[in-house]
Amino acid sequence: MAKQKVQPVKNTLKSSGHERKELKVSAIENGTVIDHIPSSSVFQVIRILNLDNIPNQIMIGTNLDSQKLGKKGIIKVSNKYFESEEINKIALVAPTATLIVIKDYTVVYKAKVEIPDNIKKIVKCINPNCITNNENVPTRFSVIDKSDLRLQCHYCEKVTKKEVISFL
């Protein structure tokens with residue numbers, strides 16, 4: 001596997017006549033890039049995907065300038081491709097994120113994450129009396145509001161707001 005090299009690069013902006021320095025990070029050979037993460041959600045994405053517990057090479061950038069978001073985060077994970085359950089977790093905490101799959105230094109897939117209509121087995125119900133918290137029953141939620149993320153439990157009908165979502 002090729003080592004990642006970080007090197008300062010000088011670019012001259014023709015329109016303003018002054019120099020701008022950028023930090024360039026070399027591309028990954030194989031793996032996944034999660035781009036356009038709100039800066040405030042970068043470390044939450046790392047936690048919910050357990051990226052701090054895998055041996056893969058990971059590059060993290062946060063508070064990077066973005067025309068779309070103002071500030072954004074990016075996570076590059078070598079030799080890791082995410083399953084749909086993991087992608088759903090990303091969508092719940094970073095709905096503006098873009099997933100980019102790289103193979104042999106080439107983008108083979110690129111798409112915005114989407115909050116699904118139903119969530120299964122990845123979020124805990126906030127109702128302590130819910131059957132999912134007391135018996136071996138997998139959680140199941142309907143997404144009742146995608147813009148201000150609210151999930152309704154299939155069993156007890158309790159609504160969970162994005163601020164209190166707890167991942168299993």
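Modeller: To start with contacts: of those in the chain with a separation of 6 or more, 52% are between residues 24 or more positions apart. Bear in mind that this is a predicted model.

Biologist: How many helices and strands does the chain have?

Modeller: There are two helices and 13 strands in the chain.

Biologist: And what percentage of the residues count as buried?

Modeller: The chain has 168 residues, and 37% of them count as buried. Its accessible surface is about 10,500 Å², with 47% of that belonging to carbon and sulfur atoms.

Biologist: Helix α2 next. Which of its residues are buried?

Modeller: Helix α2 covers residues 84-93, and its buried residues are E86, K89, I90, A91, L92 and V93. As a reminder, an α-helix has 3.6 residues a turn, so residues three or four places apart point the same way.

Biologist: What covers the buried residues of α2?

Modeller: The cover includes helix α1 (42-48). It also includes the strands β3 (31-38), β6 (98-103), β8 (118-120), β9 (123-124) and β13 (166-167).

Biologist: Pockets. What lines the second largest pocket?

Modeller: Its lining is Q44, L92, V93, P95, I115, K146, S147, L149, K162, E163 and I165. L92 and V93 in that lining are also among the buried residues of α2.

Biologist: How does that lining divide by residue type, and how much space lies in the pocket?

Modeller: Six of the lining residues are nonpolar, two are polar and three are charged. The space in the pocket is about 210 Å³.

Biologist: Is C130 buried or exposed? And C153, buried or exposed?

Modeller: C130 counts as buried because its relative accessibility is 1%. C153 is buried too, with a relative accessible area of 2%.

Biologist: Is D104 buried or exposed?

Modeller: D104 counts as exposed because its relative accessibility is 57%.

Biologist: What about the loop between β8 and β9?

Modeller: K121 is found there, and K121 has a positive phi as well, near 65 degrees. K121 is exposed, with a relative accessible area of 52%.

Biologist: Last one, I58. Where is it?

Modeller: I58 is in strand β4, which covers residues 58-66. I58 counts as partly exposed, because 25% relative accessibility falls between the 20% limit for buried and the 50% limit for exposed.

Biologist: What is I58 in contact with?

Modeller: Leaving aside neighbours within four places in sequence, I58 is in contact with L51, I75, K76 and V77.

Biologist: And how far is I58 from G31?

Modeller: They are 27 residues apart in sequence, and the C-alpha to C-alpha distance is 9.8 Å.

How values were computed:
Residues are numbered from 1 along each chain as its sequence is written. This is a predicted model: local features need pLDDT of at least 70, side-chain atom pairs count only at pLDDT 80 or more; totals for chains, interfaces and linings use all residues. Side-chain values use heavy atoms; hydrogens and water are left out. On a 1 Å grid over the protein atoms alone, a cavity is a set of points where a 1.4 Å probe fits but cannot get out, and a pocket is an open set with protein on both sides within 12 Å along at least five of seven lines; lining residues have an atom within 4 Å of a point. Grid points are joined across faces, edges and corners, and a volume is the space filled by probe spheres set on the points. Ala, Val, Leu, Ile, Met, Phe, Trp, Tyr, Cys and Pro count as nonpolar, Asp, Glu, Lys and Arg as charged, and the others, Gly among them, as polar. Helices (H or I, at least four residues) and strands (E, at least two) are DSSP runs, numbered from the N terminus. Buried means under 20% relative accessible area, exposed over 50%, partly exposed in between (1.4 Å probe, protein chains only). Contact means heavy atoms within 4.5 Å. Accessible areas come from the Shrake-Rupley method with a 1.4 Å probe; for residues, only the protein chains shown count as cover.
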